[in-house]
Each structure stands twice: as C-alpha cells, then as structure tokens.
Amino acid sequence: MSVAAVEIAADPADVSGLVRHDWTREEVRALFALPFPELIFRAQAVHRRHFDPTEVQISTLLSIKTGGCPEDCAYCPQSVHYDTGVKPEKLMSVAAVVAEARAAKAAGASRFCMGAAWREPKDRDLDKVCAMVAGVKAIGLETCATLGMLTGSQAQRLSSAGLDYYNHNLDTSPEYYGAIITTRTYRDRLDTLAHVRDAGIHVCCGGIVGMGERAEDRVGMITTLATLPVHPESVPINMLVRVEGTPLATGEPIDPIDFVRTIAVARITMPKSVVRLSAGREDMREETQALCFLAGANSIFYGPKLLTTPNPERDHDLRLMDKLGLVPMR
Ligand code: SF4
C-alpha cells in the first residue's frame, strides 16, 4: 500500500460521508490504490450514511431524436462522422414521448430521461422539448433531458417547463478529453453544467471508462467531478459499449475490477450523489454488477435500449434485483 493510502486508511473522517469539494488528485489516486476489500468497505460505509443500501433508483432513457449528430465523440454511434448503421430520425412528437413515459412508469421507472443527438438544441426544437417535459411531469415522473450544450437562457426555459435533471457528461479527464472529442471543449462542458446549475436544475454528470484512458485519467475524471462547486446529484459511470464503425470499436475492454473501483471512488468522493451503473451492463456479468452495487452504485437504466445500444431486458434486471434483495427506490 502506498504511504498516501496508509494515511487515508488512518483517517476516520474518510468514512464520515461528509461532503467535500476539496479533493486532491493525490487523495483520489490513493483511494483507487487501496486494497480492494478496504476500498469496498469504505464505499459501503459511506453509502449507508446517506442511502438505504437495498434501494436502487430506476430511470428509463428514450432517444427522442436519433443520429445525425455533428459532434465527433469517438464512442458514439450517433455521430455523422462514423458509419455505424444508425439511421437518423427526426424529433419525436410530444404525444409519442408522453406515451413512452406512461409505459415506463407502469414498468416501475421513477425518472424518464429524454436524449437528443444534437450539438445544441435550436430554439424551435426546445419549444417541443419543453412541451415533452411538461407532459412527462404531468403523469408523475421525474424528468431528465440530455440535449447537448445549453445557453443560460435555454437552461432557464427548461427549468420553467419543469425539468428536474439535465445530463451532460464530462466523459473523461481534462487531459484525455482531446483524444475523444475535438468538436467541443472541456470548458464548453463545464459552462453548460454551470448554466444548468444556475437555472436550478439538478445535474446528472459522469463519464465513460474503458475508452483506452490511463488509470490516471480515471483519477482526473473523478477529481474533476468531486471538486465541482456542487456535486452532481446523479453520477452515471458508463463502461464503454464498443460499437462497430466508431474509432473506439476495437480497443481493449477495461478490467471489470477497475470499473468497480471507479464506482467505489465516485461513491466515497461524492457521498450524497446517486451513482448510476449506466451503459455497458449488457456486457457485464451479474457478479460484476453485484460488486458495483456493493461499491455504492444505486441507480440503473431500465429498458432494452440505451439510446441506440443494447441494455439488459427488464425481466433480467428484475431477476437480478430480486436475487440481490434490491428494491426500486421510491
Ligand atoms: S455523444 Fe452526444 S454530442 Fe457526442 S456525437 Fe453522440 S449524440 Fe452527438
């Protein structure tokens, strides 16, 4: 164990679950380096300070506008830069989205996320999205949207329509970011997050691991998230889904234990945030998912698809939750 890790191990405040925004890279690096049982123990201890460990928040994600995105995110099948076979589709109608939300609610979801493959929404598109938000809210679901970059006034409009959460991921560390996306900057992302926060919308922000990043990039990503002025209320940690046609299709998959470590460090450094075991579950063994829950993940996406990539079937999820004694968070 490193000296830094020993110091952290001796610090009883580390499992206090206190919310801090002054995490240093050294501290986060030392958490990643802890012996696995110690890391999981701490993540569980912190988790139990703020959450019932048997409860899992369930969200459903619907692609309301698919494909044709001008951005070049190297992992994304919806980018126009890559030939992935995703057919572009226009923005869905408000009625169709609300009907999908009703079905999601009946299937047990408490939050409905609407994703559109845009660099940023045009104002006329935003009118329609605001109507979707109001319609979904009216049937008693929490609302979330991911629409790309937002200006301050667009965020205010979504807030007035009743949007509860906005998803905008940092994706990776500031250092590795340029290897993944060139069409917008890390600063752009942080600015959108600030607009969302200023508009009074809850922030959903995390990243993707397994994109060929170094361990230090995972340290950098978690440190950036954990030192935001307010922690994201929701932190999705995605395992890369390698889609044929994208530049990341043939990379080495991440070791599942490294993935679980990332979840655990997110849990410890952002103790009150809901940590979402997000994309990549389709390729994950049940044992790995169980370890993720043990490491403090307490949210999943339900439904057979995550935007354009596969997700475990609902029945499979229900069986796994049942096996683990987990129940949907109310
Ligand atoms: S991740 Fe979003 S912004 Fe990037 S290419 Fe895909 S749809 Fe566009």
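H231 sits in the loop between helix 8 (215–226) and strand 7 (234–239); helices here are DSSP runs of H or I with at least four residues, strands are E runs of at least two, and both are numbered from the N terminus. This is a predicted model, where local features need pLDDT of at least 70, side-chain atom pairs count only at pLDDT 80 or more, and totals for chains, interfaces and linings use all residues. Residues are numbered from 1 along each chain as its sequence is written, and side-chain values use heavy atoms, with hydrogens and water left out.

**Around H231**
- With a relative accessible area of 7%, H231 is buried (under 20%; exposed is over 50%, partly exposed in between, with a 1.4 Å probe and protein chains only).
- Leaving aside neighbours within four places in sequence, H231 is in contact with residues including V19, R20, H21, R197 and T269 (contact means heavy atoms within 4.5 Å).
- V98 lies 133 residues from H231 in sequence and 30 Å away in space, C-alpha to C-alpha.

**The whole chain**
- The chain holds eleven helices and twelve strands.
- Of its 330 residues, 56% are buried.
- Among contacts with a separation of 6 or more, 75% join residues 24 or more positions apart.
- Along the principal axes, the C-alpha atoms fill a box of roughly 55 × 40 × 40 Å.

**How confident is the model?**
- The average pLDDT is 90, and 92% of the residues score at least 70 (pLDDT is the predictor's confidence in each residue, from 0 to 100).
- Over residues 1–10, pLDDT stays under 50.
- Where pLDDT is low, predicted coordinates should not be read in detail.
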